[in-house]
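The entries follow in the order I made them.

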Amino acid sequence: MQKPDMATNVYAAKGYWSRLGAQMYQYRAMYLLALPGILFFLLFKLTPLWGLMFAFKDYNPYLGFFGSEWVGFKHFNALFGDRNFYMMLRNTFAINVFGIVFMFPLPILLALMLNEVRHEAFKRINQSIVYLPHFLSWVVVASMTFFVLSTDVGIVNKLIAEAGYETISFLSQPKYFWGLITAQSMWKEVGWGTIIFLAAMAGVDPQRYEAAVVDGANRFRQIWHITLPAIRPTIIILLILRLGQMADVGFEQMLLMMNPLVMQVAEVFDTYSYTQGILRGQISSGITVGMFKGVVGFILVMGSNYIVKKSGHEGIY
Amino acid sequence: MSFVSRKKLTVFDWINYSLLAIISLVCLIPFLYVFSVSFTDPSVYVPLRFYLFPEKWSLAAYSYILSTDSFINALKSTTFITVVGTALNLIVSFSMAYALTKKAMPGRSMMMGFIIFTLVFNAGLVPNYLLVKELGLLNSYWALIWPALTNAWSLIIIKSFLESLPSELEDAAKIDGCSDIGVFLRIVIPLSMPAIATFTLFFAVAHWNTYFNAFIYLSDSSKWTLQVLVKTLVIDSDNAGMAGSGGDERSVPQETIRMASIVLAMVPILVIYPFLQKHFAKGVMLGSVKG
């Protein structure tokens with residue numbers, strides 16, 4: 001019975017589309033509200049993804065986007081065969097290890113210290129001071145760093161010179177660089193990083209501390225047995241998410257602190273992508289580096305987010 | 001731990017308070033040094049001396065900077081970008097986030113999926129640069145506004161906030177004959193003032209502090225933002241950036257001028273800091289680990 005089947009299919013299809021149309025009409029005001037955002041995402045987030053094709057093409061400004069020649073993995077082969085690639089990999093890894101080992105614990109320690117302050121005014125003033133650097137631009141932070149550490153006008157070197165010693169070129173010697181940017185990030189973000197931990201500590205039942213005091217526990221034991229276990233889930237989640245960002249290095253920070261003398265320890269994927277792709281007009285190689293970093297970063301973030309969710313906590317989405 | 005009402009500080013407390021004071025000083029000293037040098041009178045300024053407080057106060061460095069075209073231009077640029085950019089951020093972010101709270105809206109999950117995707121992957125800076133160039137936005141302030149119109153992180157947090165509002169109020173308004181747009185403007189927006197205040201500050205600080213996009217998209221020095229100007233003056237140590245109609249530069253030490261430019265680049269942040277501190281802390285909790 002061919003005719004009834006065809007009629008049924010047509011009828012069903014019409015039903016689906018008319019129901020969809022009715023629903024969309026019902027939400028027409030919502031589409032209107034979302035429209036600017038949708039256009040933004042389509043133009044500024046989706047369109048650039050097409051640019052990643054140049055990682056597989058030789059960009060030619062005269063032939064343009066569609067006319068440029070396909071070259072397969074030529075640019076990736078060139079990238080992986082370049083010694084600079086392994087330098088950038090090492091720098092990215094080292095800067096992140098410094099960040100995780102030296103910087104990650106600091107907001108936790110500071111939060112524990114702040115949590116132990118009973119004098120409310122002292123605590124508030126202290127928090128006001130340590131939160132402030134978070135809101136400064138990296139230009140201001142880098143400029144202040146210059147005036148703190150430079151050999152000519154830096155406050156540290158003025159003190160060193162006044163004490164009769166020779167000045168130290170903190171800003172232009174490679175051996176100081178990773179420590180320098182880690183310390184800089186610490187100064188800028190350690191205060192702000194305490195907020196999440198202080199909030200977690202605020203959730204601890206005060207009676208647990210009372211019971212511990214009755215049992216004769218001193219302040220350190222209270223911290224070790226009550227406070228730290230209470231914030232352990234937060235620490236674990238944030239650490240896993242932090243590991244997921246191993247491909248990232250603060251781009252503006254690196255760009256502002258780089259100079260020719262420290263290039264060997266400062267060059268990372270984004271700064272290289274910028275110099276190759278924008279300064280030197282090597283569009284394809286600039287995009288290839290950026291794409292490599294983007295894909296690796298994507299894998300790491302998705303992996304860490306999966307682990308966090310698998311363990312029963314809320315990830316970044 | 002208010003249950004413990006000891007009047008006497010223990011050894012632990014002394015050590016704890018001392019360490020916290022030291023950490024505060026580490027945060028403060030760079031500020032004090034920069035402020036101090038910037039307010040030092042040229043006649044008493046000695047390059048190799050260490051100052052935390054001016055021997056003799058003066059506004060010479062500030063007078064000099066404020067008399068130059070490059071600074072006034074930079075201030076205008078940054079203010080325009082910050083005010084217009086923040087206003088558009090709020091409009092687009094809140095209206096889109098509200099639409100995304102409608103779970104039954106066709107296409108919503110696709111939109112959410114793509115927004116979340118942009119949280120974990122992006123094309124990188126070269127494709128974005130090519131796009132801005134193709135759109136003819138180079139050397140236009142809009143190059144710093146359109147590409148930063150909204151972002152996934154803000155949308156997700158605002159959407160969470162809007163979903164936490166009581167739905168009874170929306171339902172009541174609809175029964176009273178309010179249109180969907182009317183519900184948004186008359187019920188949702190007034191209830192969202194805390195989140196709007198938080199995100200106003202957040203977007204404004206982000207725009208004010210933008211450096212890299214301003215640096216690559218605005219090569220015309222008459223359009224430079226404050227951050228680009230400060231970077232040129234201090235880190236590049238290039239005084240040509242401060243060429244202007246002002247007084248005799250030789251009478252004001254370069255160091256005090258540079259210090260003053262840093263102060264001026266961060267003064268608005270310091271002025272609104274009390275609000276920042278209050279609202280951002282809420283914002284962090286709004287976003288929980290998403291922040």
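**Entry 1: an asparagine in a loop**

I started with B:N139, which is partly exposed at a relative accessible area of 27%. The model is a predicted one, so I kept in mind that local features need pLDDT of at least 70. I then looked up where B:N139 sits. I found it in the loop of chain B between α5 (125-134) and α6 (142-145). Next I checked its backbone. The phi of B:N139 is near 60 degrees, a positive value, and the residue is not glycine. I noted the background: most residues other than glycine have a negative phi.

**Entry 2: chain B as a whole**

Residues 24 or more positions apart make up 73% of them. The accessible surface of chain B came out at about 13000 Å². Carbon and sulfur atoms hold 66% of that surface.

**Entry 3: a threonine in chain A**

I moved to A:T234. I found it in helix α13 of chain A, residues 219-243. Is A:T234 buried or exposed? Its relative accessibility is 15%, so A:T234 counts as buried. I set aside its neighbours within four places in sequence and listed the contacts. A:T234 touches A:I196, A:F197 and A:A200.

**Entry 4: a helix pair in chain A**

I looked up helix α11 (residues 194-202) of chain A and its packing against helix α6 (residues 105-115) of chain A. The angle is about 45 degrees, and the axes lie 8 Å apart. That makes α6(A) oblique to α11(A). The crossing of α6(A) past α11(A) is right-handed. Which residues of α11(A) meet α6(A)? I listed A:T194, A:F197, A:L198 and A:M201. From α6(A), I wrote down A:P107, A:I108, A:L110, A:A111, A:L112, A:L114 and A:N115. A:F197 turns up in this list, and I had already logged A:F197 as a contact of A:T234.

Terms used. Residues are numbered from 1 along each chain as its sequence is written. Chains are lettered from A and ligands numbered from 1 in the order in which they are written. This is a predicted model: local features need pLDDT of at least 70, side-chain atom pairs count only at pLDDT 80 or more; totals for chains, interfaces and linings use all residues. Side-chain values use heavy atoms; hydrogens and water are left out. Contact means heavy atoms within 4.5 Å. Accessible areas come from the Shrake-Rupley method with a 1.4 Å probe; for residues, only the protein chains shown count as cover. Helices (H or I, at least four residues) and strands (E, at least two) are DSSP runs, numbered from the N terminus. Buried means under 20% relative accessible area, exposed over 50%, partly exposed in between (1.4 Å probe, protein chains only). Axes are lines fitted to C-alpha atoms, for helices over the stretch in contact, and angles run from 0 to 180 degrees between N-to-C directions. Angles under 35 degrees count as roughly parallel, over 145 as roughly antiparallel, 65 to 115 as roughly perpendicular and the rest as oblique. A crossing is left-handed if the near helix is turned anticlockwise from the far one by less than a right angle, and right-handed if clockwise.
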